Amino acid sequence: MASAHGERDVKLWKCKVYYFLVIGGNACLLPFLPLFYQEWGLKHWQIGLLGASRATCGSVLNPLWGAFADATRKHNAIHFFALAWQAFWYANLRTLAPRAWPWTYAYVLLTESCACCTGALADSAVGLMCRRYNIANNRTDANYGRQRLWGAIAWGCVFAPSVGLAMALGSEKTRQILPFASFGVLFGAG
C-alpha cells in the first residue's frame, strides 16, 4: 500500500548505483588529469588553476543552477543535461581540447560551468528520496551517507586501484585512452 506521498516503492538501490558509477568514473580520470596536463606542456600553476576550476565555477554557479532548477521545477532534466555535458566533454578532453594554455583552460571552464551542479543536484535528490522512503515505510534508517558510501567504495576499492594498475602496467595506448573512455562509459551509465 502506498503512503500519502506514494513513495513506498522508492528504490534506494538506484542511488547506490548512481554514486558507484559516477564517482567511479571520476576515479578513473581525475587522479590522472594533472599528469595529462603536464604531458601537454602546461605549467604547474596552470595545472593548479585547471584543478581548481570546479570549485571556482561551483562557488559562483551552483546557487544559480539551483535557483534555475527550483524556478523551472526541472531538477531531473537539468541534472541529466549537466551529467551528459560533463560525460561528453571530459571523455573527449584528450581529443577535442587544444593543448595550449588559454584554450585548454577555456575548454575546462566551459565544461565545469555546466557540470558543476551535478553533485549538488544529486545529493539533494538522494536526501529527498531517503526522507520519502523513511516516511513511506515508517523507518528512520535510510540516509544520505548509506547511499553515498557506494561512491567511496567505487573510488577506493574498485576503480582508482584498477585503473591505476592498468595505467602502470598497460601500453602507451592504454594509458592515453583508458581514463577518458572509462570516465565516459561510467558517467554515461550513471
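User: What is the handedness of the crossing of H1 and H9?
Analyst: The crossing of H1 and H9 is right-handed. A crossing counts as right-handed if the near helix is turned clockwise from the far one by less than a right angle, and left-handed if anticlockwise. This is a predicted model, in which local features need pLDDT of at least 70, side-chain atom pairs count only at pLDDT 80 or more, and totals for chains, interfaces and linings use all residues. Residues are numbered from 1 along each chain as its sequence is written, and side-chain values use heavy atoms, with hydrogens and water left out.

User: At what angle do the axes of H1 and H9 cross, and within what distance do they come?
Analyst: The axes of helix H1 (residues 13-29) and helix H9 (residues 144-169) cross at roughly 35° and come within 7 Å. Axes are lines fitted to C-alpha atoms, for helices over the stretch in contact, and angles run from 0 to 180 degrees between N-to-C directions.

User: How do the residues of that contact divide?
Analyst: The contact of H1 with H9 has 15 nonpolar, four polar and three charged residues. Here Ala, Val, Leu, Ile, Met, Phe, Trp, Tyr, Cys and Pro count as nonpolar, Asp, Glu, Lys and Arg as charged, and the others, Gly among them, as polar.

User: How many helices and strands are there in the chain?
Analyst: The protein chain has 10 helices and zero strands. Helices (H or I, at least four residues) and strands (E, at least two) are DSSP runs, numbered from the N terminus. The C-alpha trace spans about 60 × 40 × 20 Å along its principal axes.

User: What about H4 and H5: at what angle do they pack?
Analyst: Helix H4 (residues 53-72) packs with helix H5 (residues 75-91) at an angle of about 150°, and their axes are 9 Å apart. Contact, meaning heavy atoms within 4.5 Å, is made by residues including Trp65 and Phe68 of H4 and Ile78 and Phe81 of H5. The residues of this contact comprise five nonpolar, three polar and two charged.

User: New topic: how many disulfides does the structure hold?
Analyst: The structure holds zero disulfides, a disulfide being a pair of cysteine sulfur atoms within 2.5 Å. Cys57 is in no disulfide, and the nearest cysteine sulfur, that of Cys116, is 6.0 Å away. Cys57 is buried, with a relative accessible area of 7%.

User: Finally, what percentage of the chain's residues is buried?
Analyst: Of the 190 residues in the protein chain, 39% are buried.

Methods: Buried < 20%, exposed > 50% of the residue type's maximum accessible area, 1.4 Å probe, protein only.
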